[in-house]
Amino acid sequence: MKLIPSIFKKKKSYKIGLVLSGGAARGFAHVGVIQALLEKGIKPDIVSGVSAGAIAGALFCDGYGPEEMLTIIKDKSLFKYASFTVPKNGLLSIQNMQNVLEESLRAKKFEDLKIPFYCNATNLNTGKAEYFHEGDLPIRIRASASIPVLFKPVIMNDYTYVDGGVVDNFPVKPLQNKVDKIIGVHVNPTGFEKEVKGLIKIAERSFHLSVNSNVEAMAKNCDLFIQPEKVREFGLMSVSEGRKIYEAGYEGAIKALKKASLGKFK
């Protein structure tokens, strides 16, 4: 087979793409990673995120800096984001989170963001992931972050949506063939757990394992894969530990960047 000279290869639309996984409260780590990237002169040209990664990604693409992002997310505890409902489709409603996003986001639609952005949610009717990049922004982020059973699903166009991580918790797919380099951030390292006791611990561990099924394969598509190991110390709902999780993300990113050839990302 005759190779095509590099000068004739199709140029990608963007240089650097950033992928942000789901992870509930562990999503604070994404903000720390973004801080580390910016300090090294690496600024993503396009972002794809799911669940907590969709929240962090949208704020970043809207022009917020890491400290501003941390303030917006940290100052809203879980019970400001969520309110209890009569258990029918979910224990909690995160309509309040959508309200916070509507208040905080300057862009109301994907098309208005300063940096192109994708987020994904799981369509329960079709059983497939849907990747959004246009239309109303807050409701699609809310759909992307609606953890099944814990949060009520989101209804859009007569379809029922839940957390995008159920099908794809590491959304590299929207960026493939669009960017020269992909930086992936995964904030749900699993590894060995000596003790798995108690209802919440078992539920968290089961959730982490189920949504991480495709991460290893998709990570091979990344030119730089960042997985801050210290975030394992924090639970899905450790919202009050936001600053510490942020620092764990920052430290993990600095370690990964020291091993990387940074020139190719600039």
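**View 1. Strand S1 and its parallel neighbours.** Strand S1 and strand S2 (residues 46-49) run parallel and are joined by 4 bridges; strands pair if DSSP finds at least two bridges between them. Leu20 stands opposite Gly49 in S2. From S1 the chain passes through helix H1 (residues 28-39) to S2 in a right-handed β-α-β crossover, meaning that, with the strands pointing away from the viewer, the path from the first strand over the helix to the second runs clockwise. S1 also runs parallel to strand S10 (residues 179-185), with 6 bridges, and Gly17 has Ile182 of S10 as its bridge partner. Helices (H or I, at least four residues) and strands (E, at least two) are DSSP runs, numbered from the N terminus.

The model is predicted: local features need pLDDT of at least 70, side-chain atom pairs count only at pLDDT 80 or more, and totals for chains, interfaces and linings use all residues. Residues are numbered from 1 along each chain as its sequence is written, and side-chain values use heavy atoms, with hydrogens and water left out.

**View 2. Burial of S1 and helix H2.** In S1 (residues 14-20), 5 of the 7 residues are buried, so this strand is largely enclosed by the rest of the structure. Buried means under 20% relative accessible area (1.4 Å probe, protein chains only). Helix H2 (residues 52-61) is likewise largely enclosed, because 10 of its 10 residues are buried; among them are Ile55, Leu59 and Phe60. Gly63, which follows H2, has a positive phi near 100°.

Conventions:
Buried means under 20% relative accessible area, exposed over 50%, partly exposed in between (1.4 Å probe, protein chains only).
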